[in-house]
Amino acid sequence: GASAMINPLEVQHTPWLSNRCSLLFQIMAEAPLPLSCKCGKVQGTIKRGAGSHLMCYCTDCQDTYTFLRNTADHTDAQGGMTYRMTPPGDITITQGNDQLRCFKLSEKTGTVRWYTNCCKSPIGATVEGFPIIDMAKGFISSKVNPSVLESFLGPIRLRIFCKSSKKDTSALTNPKPTGSLWIVMYLYELVRVVIPSWWRGTLKPHPFWVTGTQTLPKPEQVRVGKDKKAV
């Protein structure tokens, strides 16, 4: 008689295939994301460990991006900069260590800004005494799928210094603490990241250590003029 037609929707996946697909998806979900500056001379990876998605609107961040002449590519409509609070051990620089540079905007500040010398791409910021890197979203490779990047960053957990923004931020959602409350909320996010990272052992090594040492390079001091041009 006529051969029976097989409905592909009724075909059951074999256990070995299902197991291998699950394993593949798990590996993809845990695989590090690529890092890259704009020109590609500096590259690296970032593991999918503990982190916190932050937005900062402070004048120092705005001056940093003005100094690097990278403002339009790395800020939102209100002039906010996107960072991911990340343990140092989750970041690895695989190429272009000689292009890493750092600076301070004032002698008194403990915040050190990191960028690449080759194309002036922002990498992020560190605070002296804090075992964490606020890594710039723009340092994550543009080749990363947008949905993967969104999942990696997670929801914005904190917006700080909104009063310093270039435009009105009243309509923006997410926590926008005023006064000194931002310090409390920032420290809370810091603890959320540091404790599991300490447990996993990812607070070290630091990706910006001088080669062969466990010390960070001395930052240069720069000044950004009132006309918002680097001097």
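**Pocket and cores**

The second largest pocket has a volume of about 350 Å³. This is a predicted model, where local features need pLDDT of at least 70, side-chain atom pairs count only at pLDDT 80 or more, and totals for chains, interfaces and linings use all residues. Residues are numbered from 1 along each chain as its sequence is written, and side-chain values use heavy atoms, with hydrogens and water left out.

Of the 20 residues lining this pocket, T111, V127, D134, I160 and W182 are the closest to its centre. A pocket here is an open set of points on a 1 Å grid over the protein atoms alone, where a 1.4 Å probe fits, with protein on both sides within 12 Å along at least five of seven lines; lining residues have an atom within 4 Å of a point. The lining divides into 15 nonpolar, 2 polar and 3 charged residues. Helices are DSSP runs of H or I, at least four residues, and strands are runs of E, at least two.

Now the cores. The largest nonpolar core has 22 residues, and L35, I46, I91, M135, F139 and I140 have the most contacts inside it. A nonpolar core is a set of buried Ala, Val, Leu, Ile, Met, Phe, Trp, Tyr and Cys residues joined through side-chain atoms within 4.5 Å; buried means under 20% relative accessible area with a 1.4 Å probe, protein chains only. Helix 4 gives the most to this core, with 3 residues. Another core, of 18 residues, lies apart from it and includes A50, C56, C61 and M81.

Note on methods: Buried means under 20% relative accessible area, exposed over 50%, partly exposed in between (1.4 Å probe, protein chains only). Grid points are joined across faces, edges and corners, and a volume is the space filled by probe spheres set on the points. Ala, Val, Leu, Ile, Met, Phe, Trp, Tyr, Cys and Pro count as nonpolar, Asp, Glu, Lys and Arg as charged, and the others, Gly among them, as polar.
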